[in-house]
Amino acid sequence: MREEGFREGLSSRDDLEIISAQNGDFDVATAMQVTEDWIQTYGDEIDCIVSANSTMINGAIEALKAAKMNEDVVSVGVVHIGEEDGYPIPAGDEDYAIFVSWPAIGTLCGQIAEKYYKGEEIEERTNIEMEDMTAENFDEIVAAQ
């Protein structure tokens, strides 16, 4: 659904083009290989890489660094506190991320379960709260968790 929302968000933008989309399997090595393939295929046409989590954006960033393209390509991912592969945001390797709080997801699930238990109407779709994350606000967001 992340990709679906991303594509929906870009659908009104005539100035942007998705030149490729591939699954990185939430794995550093797989994301690195996908990015290396993109670099060989598209080279300087790549302006931005978007990833569904920090693990995959780490792989993409490593491939971009090896190709000396990390300064020219914007990297964007989704961050969950506790991801085992670390966060490229504080070091300045990742340009921007969407922060998703696991505790917030748990609270929302509890609220929906309570509505269900009480026989209340449950909306067809419920979105979680997200925050914009950069190197500048990373520590503040993490400390609030």
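Q: Hey, quick one to start: is Lys65 buried, partly exposed or exposed?
A: Lys65 is partly exposed, with a relative accessible area of 30%. Keep in mind that this is a predicted model.

Q: Okay, and which residue does Lys65 form a salt bridge with?
A: That would be Glu62, and the closest N and O atoms of the two are 3.7 Å apart.

Q: Which residues end up in a network with them?
A: Salt bridges with shared partners join Glu62, Lys65 and Asp93 into one network.

Q: How many salt bridges are there in the whole structure?
A: A search of the whole structure turns up five. Among them is one between Arg7 and Glu3, with the closest N and O atoms 2.9 Å apart. Another joins Lys118 to Glu114, where the closest N and O atoms are 2.9 Å apart.

Q: Back to Arg7 and Glu3: why are they about one helical turn apart?
A: Because they sit four residues apart in helix H1. Arg7 is partly exposed at 37% relative accessible area, and Glu3 is partly exposed at 46%.

Q: And Glu114, buried or exposed, or something in between?
A: Glu114 is partly exposed, with a relative accessible area of 42%.

Q: Let's change topic. What's in the largest nonpolar core?
A: It has 12 residues, including Val34, Trp38, Ile57, Leu64 and Val73. Helix H2 (28-42) and helix H3 (54-66) each supply at least two of the core's residues. H3 gives the most, with five residues.

Q: Why would residues like that group together?
A: In soluble globular proteins, nonpolar side chains tend to be buried together.

Q: Which residues does Ile57 touch?
A: Leaving out residues up to four places away in sequence, Ile57 touches Ile49, Ser51, Ser75, Val76, Pro88 and Glu94. Of these, Ile49 is listed in the largest core along with Ile57.

Q: What about a second core, which residues does that include?
A: The second core is separate and has seven residues, among them Phe99, Met133, Phe138 and Ile141.

Q: Now pockets. What's the volume of the largest pocket?
A: About 1600 Å³. The lining is made of 46 residues, and Arg2, Glu3, Phe6, Val50 and Ser51 lie nearest the centre.

Q: How many of the lining residues are nonpolar, polar and charged?
A: The lining divides into 27 nonpolar, 11 polar and eight charged residues.

Q: Last topic: backbone angles. What's the phi of Phe26?
A: Phe26 has a positive phi of about 55°, although it is not a glycine. Phe26 is in the loop between H1 and H2, and is partly exposed, with a relative accessible area of 48%.

Q: And what about phi of Lys68?
A: Phi of Lys68 is near 55°, a positive value in a residue other than glycine. You'll find Lys68 in the loop between H3 and S2.

Q: Why does Lys68 count as exposed?
A: Because its relative accessibility is 70%, and exposed means over 50%.

Technical notes:
Residues numbered from 1 in each chain as written. Predicted model: local features only at pLDDT ≥ 70, side-chain atom pairs only at ≥ 80, totals over all residues. Heavy atoms only, no water. Core = buried A, V, L, I, M, F, W, Y, C linked by side-chain atoms within 4.5 Å. Buried < 20%, exposed > 50% of the residue type's maximum accessible area, 1.4 Å probe, protein only. Contact = heavy atoms within 4.5 Å. 1 Å grid on protein atoms, 1.4 Å probe; cavity = no way out; pocket = protein on both sides within 12 Å on 5 of 7 lines; lining within 4 Å. Points joined across faces, edges and corners; volume = space filled by probe spheres on them. Nonpolar A, V, L, I, M, F, W, Y, C, P; charged D, E, K, R; others polar. Salt bridge = Lys/Arg side-chain N within 4 Å of Asp/Glu carboxyl O.
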